[in-house]
Amino acid sequence: FSAYGIADEQYIESVRKNTWRGLYGRLLTGKAVMAPRYGYKLENGELKINEKQAKVVRKIYELYSQGHGYKYITQLLNNERIPAPRGSRWTHNAVREILINEIYKGVLVWNKAQYKKIPGFSKRKKIPNPPEQWIRIDRPDLKIVEPELWEECQRIREKKTRIQRQGKGVVYTTLLGGFIKCAKCGSNFIKATRVSFKCSGVINGYCDAHVLISEKMLIKLTINAIKAFLKENKHRFKQELEETIKRHSFAQVSRAEIEKKKIRR
């Protein structure tokens, strides 16, 4: 059994390496190996600049270099009804992804992560590669903003990050984050202060439902809803709980067996 397992692992590794070499070869010949980022399009398997979207990218960089933050840029793009990269509206994260990607200054960065099969897990996991393994390829034909402007935006972003780490940017975490939706825009409510929740659409600049929900009240409503659900579905809940415990116990045993095999080798 172990011999077959080793052979399978070696085969998978050889396929992975061959795939990697094939993709790297495509990169060197100017071919695309991934879906195009915002600002680009595919033509005959090659990345080309999408001029309509490129104007938006330049606008984002110019606004950010002038001192405008994510919230202002997001609101402006949404107010002007400019189509977002994903979904119908721009978010802080969408703007940030554009500002940090080196492709916009004409540098393709590849091999930032790999997918590997981890013992005890059914699916492959995405594992980040260390920066020294990243592959950078100069592509001046893909340059949308000047490198000097790109670098200036990184300096501004890093300065803001340092200020946040000094205590001006507080992140609140909770199990109830994203548990309820905004009736106006459909976005998740997230924890905005230490004791209250707010619509993420308001924070991202595309919703005007300025309503704060107390965490104490939300917990009370959640507990009451769980009690009502369990009362109506107690037999179903009991069955699902027993199945979950069995799966968890089996997974623990499987991982223990894998560790034993490693020690024997």
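These legends walk you through several close-up views of a predicted model. Local features are given only where pLDDT is at least 70, and side-chain atom pairs only at pLDDT 80 or more, while totals for chains, interfaces and linings use all residues. Residues are numbered from 1 along each chain as its sequence is written, and side-chain values use heavy atoms, with hydrogens and water left out.

**View 1. Ser196 in strand β8.** Look for Ser196 in β8, which spans residues 196–199; strands (E, at least two residues) and helices (H or I, at least four residues) are DSSP runs numbered from the N terminus. Ser196 is buried because its relative accessibility is 7%, where buried means under 20% relative accessible area, exposed over 50% and partly exposed in between (1.4 Å probe, protein chains only). Leaving aside residues up to four places away in sequence, Ser196 touches Ile190, Lys191, Leu212, Ile213, Ser214 and Glu215; a contact means heavy atoms within 4.5 Å.

**View 2. One side of helix α3.** After α3 comes Arg81, with a positive phi near 55°.

View 3. A salt bridge is a side-chain nitrogen of Lys or Arg within 4 Å of a carboxyl oxygen of Asp or Glu, and the whole structure has 12 of them. One of these joins Lys48 and Glu46, whose closest N and O atoms are 3.8 Å apart. Lys48 is partly exposed at 34% relative accessible area, and Glu46 is partly exposed at 25%. Another pairs Arg58 with Glu51 at 3.9 Å, N to O. Arg58 counts as partly exposed at 26% relative accessibility, as does Glu51 at 44%.

**View 4. Glu102 and Arg136.** The closest N and O atoms of this salt bridge are 2.8 Å apart. Glu102 lies in the loop between α4 (92–100) and β3 (107–110), and Arg136 in strand β6 (residues 135–138), so the pair ties together parts that are 34 residues apart in sequence. Glu102 is buried, with a relative accessible area of 14%, whereas Arg136 is partly exposed at 45% relative accessibility. Through shared partners, salt bridges join Glu102, Lys105, Arg136 and Glu151 into one network.
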